[in-house]
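Here is a short report on one protein model. Keep the sequence and the 3D view open while reading.

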Amino acid sequence: MDQNKAKRMEREEQILLSLKKLDYMTRGQLQVLHDLKSDRNAQKVLQRMSPYLNTFKDGQNIYYLNSKGRSRVECDKVRKKTGNINHYLMRNALYVAYGSPETWENEMRIKLGKITVVPDAIFQLDNRYFIVEVDNTQTMKKNRTKIDKYRRLIERNAFRNVPKIIWMTTTEYRRNKLLELCEGLDADVYLNTDFI
């Protein structure tokens, strides 16, 4: 096998593994994450991978694994075209923005006594936890409940160090409301337009 083909196969494998981990990604997200250079090159690479990918358009091309792709990377999770795609894309934008942390886990349950919460993602950097929450169509009442649970977990020392809570939302109004709810916590709130 020549060296170029081996490199191409390795890159394809990495793209498929990213989709296994993150479920759905835009061309732009894949382009940045896998250094696919120009838009034209990214399209060429993803077109060549079409036997392993399903795609649909929702303002931009969204990619996810088809059965052949799942088989190649041993993925049991079957994904289909969904109307809730923005939730995944917003979460994945933070994954890309934070440098694709190796410790990133989607929807991992945190439980301490009677307190249970499932963040959209959690990861560690420099021995500190980062909790990711996506506020796409969630009610503020549910967001408040989740924030209260994080406060109680922090008070009970559920984390080695006080975690940073990272929110992504859709409007300036919602950003301000979340910042207000998170007062006293180490929290950042971004808009979905802040990232790819």
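## A facing pair of phenylalanines

The model is predicted. S7 and strand S8 (residues 128–134) run antiparallel, joined by 5 bridges. Strands of a sheet pair through backbone hydrogen bonds, either parallel or antiparallel.

The S7 and S8 hairpin has 2 residues between its strands. Asp126 lies in that loop. Its phi is near 50 degrees, a positive value in a residue other than glycine. Most residues other than glycine have a negative phi. Asp126 has a relative accessible area of 78%, so it is exposed.

## The five-stranded sheet

S7 and S8 belong to an open sheet of 5 strands. The order is S4-S7-S8-S9-S10, and the pairing is mixed. Strand S4 (105–106) and strand S10 (187–191) are the edges. Each has a single partner strand, so one side of each is left without a neighbour in the sheet.

S4 pairs with strand S7 (residues 121–125) in the antiparallel sense, over 2 bridges. Glu105 has Ile122 in S7 as its bridge partner. Asn106 stands opposite Ala121 in S7. In a regular strand the side chains alternate between the two faces of the sheet.

Asn157 sits in the loop between helix H6 (140–155) and strand S9 (164–169). Phi of Asn157 is near 55 degrees, again a positive value in a residue other than glycine. Is Asn157 buried or exposed? Its relative accessibility is 63%, so Asn157 counts as exposed.

## The S2 and S3 hairpin

Strand S2 (residues 53–57) and strand S3 (residues 61–65) also form a pair. They are antiparallel and share 5 bridges. The hairpin has 3 residues between the strands. Among its residues, Gly59 takes a positive phi near 85 degrees.

Ile62 is in strand S3 and is the bridge partner of Phe56. What is the relative accessibility of Ile62? The value is 0%, so Ile62 counts as buried. Leaving out residues up to four places away in sequence, Ile62 touches Tyr24, Met25, Thr26, Asn54, Thr55, Phe56, Ile85 and Leu89. Leu30 is 32 residues from Ile62 in sequence; their C-alpha atoms are 9.9 Å apart.

## The whole protein

The secondary structure comes to 7 helices and 10 strands. The C-alpha atoms fill a box of roughly 55 × 30 × 25 Å along the principal axes. The radius of gyration is 18 Å. A compact globule of 196 residues would have one near 16 Å, so the two agree.

Of the 196 residues, 43% count as buried. Take the contacts with a separation of 6 or more: 57% of them join residues 24 or more positions apart.

## Surface and charge

The protein exposes about 11,000 Å². Carbon and sulfur atoms supply 44% of that area. There are 37 positive and 25 negative charges.

Conventions
Residues are numbered from 1 along each chain as its sequence is written. This is a predicted model: local features need pLDDT of at least 70, side-chain atom pairs count only at pLDDT 80 or more; totals for chains, interfaces and linings use all residues. Side-chain values use heavy atoms; hydrogens and water are left out. Helices (H or I, at least four residues) and strands (E, at least two) are DSSP runs, numbered from the N terminus. The radius of gyration is taken over C-alpha atoms; the globule rule is 2.2 Å times the number of residues to the power 0.38. Buried means under 20% relative accessible area, exposed over 50%, partly exposed in between (1.4 Å probe, protein chains only). Contact means heavy atoms within 4.5 Å. Accessible areas come from the Shrake-Rupley method with a 1.4 Å probe; for residues, only the protein chains shown count as cover. Lys and Arg count as positive and Asp and Glu as negative; His and the chain ends are not counted. The place of a charge is taken as NZ of Lys, CZ of Arg, CG of Asp or CD of Glu. Two strands pair if DSSP finds at least two bridges between them.
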